[in-house]
Amino acid sequence: MPNIAAERLHRLASTIVRAAGSNEDEAKAVADHLVVANLTGHDSHGVGMLPDYVKNSRIKVLVPNQTLKVVRDVGAVLVLDAGRGYGQTMARDAMKLGAERARQLGCAVVGLRNSSHVGRIGFWAEQCAAEGLMSLHFVNVADHDPLQAPFGCSSARLGTNPFCIGIPGADGKPMLLLDMATSAIAFGKARVARNKGLPVPVGVLIDADGTPTTDPTTYVDTRKGALLSFGLHKGSGLAIFCEILGGAMIGGQTIAPHHERLDGIVNSMFSLIVDPAVFGDLDTMRQEVQAVIDWIKASPPAPGFEAVLMPGEPESHARAQRSRDGIPIDPKSLGDIIAAGVSVGLTEAELRQIVEG
Ligand code: NAD
């Protein structure tokens, strides 16, 4: 299957999201986000999410065209409730409010509760970086069965709870952007592997009995089994703090079993947004950041590595390459997306026309 140009995927996504009930602004915001995830190499969080979004809006665990409610506004702290709205508009608007507050006070702490899937968290650090702001995000995932087994567990107890931190450069892009699931791989990466008929790496997945496996099929199809936390007890600890800060502390829904799970995706996100200018001269800070980057990258690569990369670099490289060459979408994922579009009243012919021209 030939690669698909980003513009075509964008039209495909916005057409389906609009047909599923979103207004123009929301359909565009969702498409922008999903296509940037594909461009940056994160197919797990790209247009392949559309079948879930359509299913979730059909069963009303995702609510189109929501607006944020301010639950608390105290000094630097804003607590916002998204009412299960699309994460792409809810987090966008939450980060806008947080950025305004960080400009006024030097920093802002935003608790975004009860949002539907906020997608690739790096997108939100990029939005903050475009305003010259550093941001740090702890996110939990609720409303569906847990997917990640913390250190020492033989069964899933947490979502894939992502963590992200970005620091802005002079050009409004992050100089460094660490954005990751706290499970050894994101769930969507297991889904992509399953759709391509590929194994997942050794040491990332256990089956329903707690036995290590590399076959993602049963896990993806039935959610039986679990992804392991990255980095043994240390990654597991970070995953737990994503649950505590992203969920429990800001009043979001946690994965604890007393919360009814409706089989949607609810993300709650704790974001710390800081104007780095409050610490002093920005040029000096950027020179120091660059000096650290240069120092690390000057190391000869270890055996088996072509180059030493910084957090965010694989995504920048993928973005340049995929903007030029298009985005590979495997036939099963494309078929699932088209079926989702058909389920909201579009025809297969018009959707294939968007993709194939
Ligand atoms: P990943 O493992 O591909 O990358 C994690 C980080 O490591 C990135 O910052 C990347 O730049 C860096 N990196 C990758 N290879 C590198 C190398 N060779 N050298 C140096 N740095 C390198 O990412 P992931 O854990 O699979 O997460 C994928 C996406 O899934 C993220 O965007 C995350 O936000 C998203 N996610 C979202 C949710 C949600 O519920 N919304 C849940 C889990 C994950």
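Mentor: A disulfide is a pair of cysteine sulfur atoms within 2.5 Å. The model under discussion is predicted.

Trainee: How far is the sulfur of Cys242 from the closest cysteine sulfur?

Mentor: The closest cysteine sulfur to that of Cys242 belongs to Cys164. A disulfide requires sulfur atoms within 2.5 Å, and the separation here is too far for a bond. The distance is 10 Å.

Trainee: Is Cys242 buried or exposed?

Mentor: A residue is buried when its relative accessible area is under 20%. Cys242 has 0% relative accessibility, and therefore counts as buried.

Trainee: Which cysteine has the sulfur closest to that of Cys153?

Mentor: Cys153 is partly exposed, with a relative accessible area of 31%. Its closest cysteine sulfur lies 16 Å away, too far for a bond. That sulfur is in Cys242.

Trainee: How many disulfides does the structure hold?

Mentor: For Cys153, the closest cysteine sulfur is too far for a bond. For Cys242, the closest cysteine sulfur is likewise too far for a bond. The number of disulfides in the structure is zero.

Trainee: Turning to the aromatic rings, what is the angle between the planes of Tyr53 and Tyr86?

Mentor: The structure holds five aromatic pairs. One of them joins Tyr53 and Tyr86, with 5.8 Å from centre to centre. Planes over 60 degrees apart count as edge-to-face, and this pair is edge-to-face, at 80 degrees.

Trainee: Where in the chain does Tyr86 lie?

Mentor: Tyr53 and Tyr86 are both buried. Their pair links distant parts of the chain, 33 residues apart, with Tyr53 in helix α3 (residues 50–58). Tyr86 lies in the loop between β2 (77–81) and α4 (87–105).

Trainee: Which helix holds the partner of Phe187, Tyr219?

Mentor: Phe187 and Tyr219 form an edge-to-face pair, 5.5 Å centre to centre with 65 degrees between the planes. Phe187 is in helix α6 (residues 187–196), and the two residues are 32 residues apart. Phe187 counts as buried because its relative accessibility is 11%, and Tyr219 counts as buried at 2%. The helix that holds Tyr219 is α7 (residues 217–222).

Trainee: Which strands stand at the edges of the open sheet?

Mentor: Four strands form this sheet in the order β5-β10-β8-β9, with mixed pairing. An edge strand has a single partner strand, so one side of it is left without a neighbour in the sheet. The edge strands are β5 (148–149) and β9 (212–213).

Trainee: Which residue of β10 stands opposite Gln148?

Mentor: Strand β10 (residues 226–228) pairs with β5 in the parallel sense over two bridges. The residue opposite Gln148 is Leu227.

Note on methods: Residues numbered from 1 in each chain as written. Predicted model: local features only at pLDDT ≥ 70, side-chain atom pairs only at ≥ 80, totals over all residues. Heavy atoms only, no water. Phe/Tyr/Trp six-rings, centres within 6.5 Å; stacked < 30°, edge-to-face > 60°. Buried < 20%, exposed > 50% of the residue type's maximum accessible area, 1.4 Å probe, protein only. Pairing = 2+ DSSP bridges.
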